[in-house]
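Good morning, and thank you for making time for this presentation. I shall take the structure on the screen part by part.

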Amino acid sequence: MRTTVSRLIQSQSLLSRLSSNGLLRNRRLLSTDSNKIEEPFKVEEAETIKPELPGPEKVLVLGGNGFVGAHVCKEAVHQGFSVSSFSRSGRSSIQECWADNVVWNQGSLLVPDSLKDSMNDVSAVISCVGGFGSNSQMYKVNGTANVNAIRAAAEQGVKRFVYISAADFGFVNYLLQGYYDGKRAAEAELLSNFPYGGVILKPGFIHGTRRVAGVKVPLGIIGSPLEMILQHAKPLSRLPVVGPLLTPPVSVDAVAKVAVRAATDQAFPPGIVDVFGILRFGEHK
Ligand SMILES: NC(=O)c1ccc[n+]([C@@H]2O[C@H](COP(=O)([O-])OP(=O)(O)OC[C@H]3O[C@@H](n4cnc5c(N)ncnc54)[C@H](OP(=O)(O)O)[C@@H]3O)[C@@H](O)[C@H]2O)c1
C-alpha cells in the first residue's frame, strides 16, 4: 500500500515538472484526474505525408535531330521516358506525335558551357553526335565534341552514357583518319569516366529511312537484304583485309532500341557492343 501511494506521488510530481517545462502542452491527454470526462482527441492541423513517387527517368539524346538520334528519341518516348535533345539546330523538322514529347535544346558540344543546363537531373545520356568533313573537322565532331559531353556528364553525376561509335573497316580507317581517331578518343574518355555505366555501340552501315533535305531516302532497300545475308557471316568478317567489308548492316530501329536499353537498364553490361551484339540485343522484346 505504501509503495502504491509513493508511486502515485512520484507520477504527480513528474506531471507537474513536465507541465512547468512546457513539455506537456495538452494536459488533458495525460490527466490522471478521474472526475474529468476526457474530451475526444482533436487534431487541429493534420499534416498529410504524400509518398514521393519517382518520375520517369530523364534521358538526354545528343544529336537527337539527326538520323540515328531521331530514332533514339522516338524509341525513348515510346518507352515512357522523359526525353530531351541537344544539337546545333535544336528542334527536329519531323512532324510526328512523338517529337512533341521531346524537349529540344539548341547548342554546340564544342562550347561545353551551353550544355550544362540540359544536363540537369539527367540520369542517362545517349550521344549520336558525329559526322564527316576534313580530317580536323571529323576529329572535332566525333572526338572533341563527345569528349566534352562525356566530361560534362561525369561532372554532373549522370549515371549512364551510351556513345554511338562505328565499326572498324580495316583500310577504310586510314582514308577517314580524323573520323576514326575522333571515335577512339571519345571511346577512351568514356571508358575511363564511366567504367560501370559506359556503353559503346559500334555499328557498321545503319539502314532505315533517312531524311535528306526533306526527302525520305529508304536505305533499307539495300541495307535489309545485305543484313539478312551477312548476319550469318561472322567468321568471314574476321578475314584479313576484306573481312571488315563483310560487316552486316544494322537497322536504325535496332540501334535505337539497344541504345535506349543500354542507357536505362542498370543490368546492361558496360563496354563495347559490336554489330553482332547490336543484332542480338536488338531482337530482344
Ligand atoms: N549513319 C550511319 O550509317 C552510321 C554508321 C555507323 C556509325 N554512325 C555514327 O552514328 C552517329 C549518328 O549518325 P547519324 O547518321 O545519325 O548522323 P547525322 O544524321 O549527321 O546526325 C548528327 C547529329 O549530330 C549533331 N551535331 C553535330 N555536331 C554537333 C555539335 N558540335 N554539337 C551538338 N550537336 C552536333 C547534329 O546536329 P545538327 O544537325 O543540328 O547540326 C545531328 O543531330 C554518328 O556518331 C555516326 O558516326 C552512323
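Before the first helix pair, a definition is required: an axis here is a line fitted to C-alpha atoms, for helices over the stretch in contact, and angles run from 0 to 180 degrees between N-to-C directions. Please also keep in mind that this is a predicted model.

With that in hand, consider α8 and helix α9, the latter spanning residues 275-283. Their axes cross at roughly 80° and come within 9 Å. Angles of 65 to 115 degrees count as roughly perpendicular, and α8 and α9 are therefore roughly perpendicular to each other. On the α8 side, the contact is made by Ala254, Val255, Lys257, Val258 and Arg261; α9 contributes Ile278, Leu279, Phe281 and Gly282. By class, the residues of this contact are 6 nonpolar, 1 polar and 2 charged.

Let me contrast this with a second pair. α4 and helix α6, residues 177-193, pack at an angle of about 10°, their axes 6 Å apart. Angles under 35 degrees count as roughly parallel, and α4 and α6 are therefore roughly parallel to each other. The contact of α4 with α6 comprises 10 nonpolar, 10 polar and 4 charged residues.

I turn now to the interior. In soluble globular proteins, nonpolar side chains tend to be buried together. In this model, the largest nonpolar core has 59 residues. Which residues have the most contacts inside it? They are Val61, Val72, Ile126, Leu201, Val255 and Ala259. Helix α8, residues 252-264, gives the most to this core, with 9 residues.

Next, the ligand. It is surrounded by 23 residues, the closest being Gly63, Gly66, Val68, Ser89 and Gly130. Two elements, α3 (67-78) and α4 (135-155), each give two or more residues to this shell. Which element gives the most? That is α3, with 3 residues. The shell divides into 13 nonpolar residues, 9 polar and 1 charged.

Finally, the chain as a whole. The protein chain has 9 helices and 11 strands. Of its 285 residues, 35% count as buried. Among contacts between residues at least 6 apart in sequence, 67% join residues at least 24 apart.

Thank you; I welcome your questions.

Definitions and conventions: Residues are numbered from 1 along each chain as its sequence is written. This is a predicted model: local features need pLDDT of at least 70, side-chain atom pairs count only at pLDDT 80 or more; totals for chains, interfaces and linings use all residues. A residue is near a molecule or strand if its C-beta atom, placed from the backbone, lies within 6 Å of it. Helices (H or I, at least four residues) and strands (E, at least two) are DSSP runs, numbered from the N terminus. Ala, Val, Leu, Ile, Met, Phe, Trp, Tyr, Cys and Pro count as nonpolar, Asp, Glu, Lys and Arg as charged, and the others, Gly among them, as polar. A residue is buried if 20 or more other C-beta atoms lie within 10 Å of its own, exposed if 12 or fewer, and partly exposed in between; C-beta atoms are placed from the backbone. Two residues are in contact if their C-beta atoms, placed from the backbone, lie within 7 Å. Angles under 35 degrees count as roughly parallel, over 145 as roughly antiparallel, 65 to 115 as roughly perpendicular and the rest as oblique. A nonpolar core is a set of buried Ala, Val, Leu, Ile, Met, Phe, Trp, Tyr and Cys residues joined through C-beta atoms within 7 Å.
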